[in-house]
Amino acid sequence: MSYETLEIVRDGGVATVWMNRPDVHNAFNAQLIADLTAACRALDADDTVRAVVLAGRGKSFSAGADLNWMKAAGEASEAENFADAMKLAGMMRTLAEMRKPTIARVHGAALGGGMGLASACDICIASDRAVFATSEVKFGIIPSAISPYVIRAIGERQAYRYFQTAERINATRAAELGLAHEAVAAEELDAKVKEVVEALLQGGPKSQAAAKDLIRAVANQPVSDALVEDTARRIAGLRATPEAREGLAAFLDKRPAAWIAQG
């Protein structure tokens, strides 16, 4: 896979997607949006990929929207802006709904859409030098396309504050909010990402995809008869699958499961 604005690095079953516009702090433009959407779809369809890490080259993870792109949007029609916004929203959704586990490796600024990307990934590991913000109101707009994922990460109550104040959020505060799962020293960032990736690789790929689907089905739902029945059907349907049988056999035999690479 070759993309104008991305660099894909493969290491066994792990694919690291490097946003590669360091001169503009990996800011979004139409090309990056198209490239990242295509890359997520391709990696999700590749059965040799077990986990995806999203990272940024240079000083920042992503500074959000490219200012030149925003300026052009300000001069475009509403219909043209709607088409652009749908592409951005589609990229976020494609990342958020990948079947594979996804990790955001945030080492610097993750502003606006960059905070959206960090929120759309399943897991966010941040350097203590990372800084987040939903800065859109400073430009007279709103964090609309990223809102489902940021609100999912930090909750409605916190969103009322940060969507309106556009305050900078340091890594420690991001971890307190639930935006970052962990905040670590800059020199420990890659080691922590590797640690989490290695934990992910121990799990069954089909069960991990099913776990993600389970969360989407259960989160923020009342515990109704229908929900209880749905959860029962999900586990019943998985117990007899080859992956589940292999996982149990490996545990009983005290050996690694077949999906765990042996090196």
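Helices (H or I, at least four residues) and strands (E, at least two) are DSSP runs, numbered from the N terminus. The model described here is predicted: local features need pLDDT of at least 70 and side-chain atom pairs count only at pLDDT 80 or more, whereas totals for chains, interfaces and linings use all residues. Residues are numbered from 1 along each chain as its sequence is written, and side-chain values use heavy atoms, with hydrogens and water left out.

The domain assignment divides the protein into domain 1 (6–200) and domain 2 (204–253); such bounds come from an automatic or database domain assignment. The centres of the two domains, taken over C-alpha atoms, are separated by 28 Å. Contact (heavy atoms within 4.5 Å) links 10 residues of domain 1 with six residues of domain 2.

Strand pairing was examined next; two strands pair if DSSP finds at least two bridges between them. Strand β2 (residues 14–19) runs parallel to β3 and is joined to it by six bridges, with Val17 opposite Leu54 in β3. Strand β3 (residues 51–56) also pairs with β4 in the parallel sense, over three bridges, and Val53 has Ile103 of β4 as its bridge partner. On β4, four bridges make a parallel pairing with strand β6 (residues 123–127), where Cys124 is the bridge partner of Ala104.

A pocket is an open set of points on a 1 Å grid over the protein atoms alone, where a 1.4 Å probe fits, with protein on both sides within 12 Å along at least five of seven lines; lining residues have an atom within 4 Å of a point. The largest pocket is lined by 36 residues, of which Ala65, Trp69, Met70, Glu136 and Ile141 lie nearest its centre. Helices α2 (67–74) and α3 (78–96) each supply at least two residues of this lining, and the largest share, seven residues, comes from α3.
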